[in-house]
Amino acid sequence: MSSIFSACNCSIHHLGRVHRSTWMRAFPWLRLYQCSNCRKLQLLPQKEVDRAKVEYGSRGAYRDRLAPRSVDPNKGLGIGERPKVGG
Ligand SMILES: [Zn+2]
């Protein structure tokens, strides 16, 4: 039997917000989530869940947007454009 304070091992995308019971208001930084996969109720810090969702969601999404352009490291560095000194 697992504690309500521990998260299940499913993807974080399965977590949905659920209304807390009265006693749970003793932990204002915790939010009650239910996993839609295993139906486990879990009290988790909202900050942790939000951060995990952002990290999870950013994976792959950026890969499509940041299409790798071929970058020539010798170009665009301003080499050879030194201002003339003395004259
Ligand atoms: Zn689960």
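**View 1. The predicted chain as a whole, with its elements and its confidence.** This is a predicted model, in which local features need pLDDT of at least 70 and side-chain atom pairs count only at pLDDT 80 or more, whereas totals for chains, interfaces and linings use all residues. Residues are numbered from 1 along each chain as its sequence is written. The protein chain has two helices and three strands, where helices (H or I, at least four residues) and strands (E, at least two) are DSSP runs numbered from the N terminus, and from that terminus on the elements run β-β-β-α-α. The pLDDT, which is the predictor's confidence in each residue on a scale from 0 to 100, averages 81 over the protein chain, with 69% of the residues scoring at least 70. Confidence is highest in strand 2, at a mean of 97, and lowest in helix 2 (residues 61-65), at a mean of 52. Where pLDDT is low, the predicted coordinates should not be read in detail. Of the 87 residues of the protein chain, 5% count as buried; a residue is buried if 20 or more other C-beta atoms lie within 10 Å of its own, exposed if 12 or fewer, and partly exposed in between, with C-beta atoms placed from the backbone.

View 2. Strand 1 (15-17) is joined to strand 2 by three bridges, and strand 2 is joined to strand 3 by five. Tyrosine 33 in strand 2 is the bridge partner of arginine 17, and tyrosine 33 also has glutamine 42 in strand 3 as a bridge partner. Leucine 30, in turn, stands opposite proline 45 in strand 3.

**View 3. The hairpin turn around arginine 39.** Strand 2 and strand 3 form a hairpin with five residues between them, and arginine 39 is placed in this loop, between strand 2 (30-35) and strand 3 (41-45). The phi of arginine 39 is near 65°, a positive value in a residue other than glycine. Arginine 39 counts as exposed, because 9 other C-beta atoms lie within 10 Å.

View 4. Histidine 14 is in the segment before strand 1 and counts as partly exposed, because it has 15 C-beta neighbours inside 10 Å. Leaving aside its neighbours within four places in sequence, histidine 14 is in contact with Cys35, Ser36 and Asn37, a contact being a pair of residues whose C-beta atoms, placed from the backbone, lie within 7 Å. The C-alpha atoms of histidine 14 and cysteine 35 are separated by 5.1 Å, although the two residues are 21 residues apart along the chain. Asparagine 9 is exposed, with 10 other C-beta atoms within 10 Å, and its C-alpha atom is separated by 10.0 Å from that of asparagine 37, 28 residues apart along the chain.

View 5. With 13 residues, helix 1 reaches 18 Å from its first C-alpha to its last, close to the 18 Å expected at 1.5 Å a residue, the expected span being 1.5 Å times one less than the number of residues. Helix 1 is hardly covered, and the count of buried residues among its 13 residues is zero.

How values were computed: Contact = placed C-beta atoms within 7 Å. Pairing = 2+ DSSP bridges.
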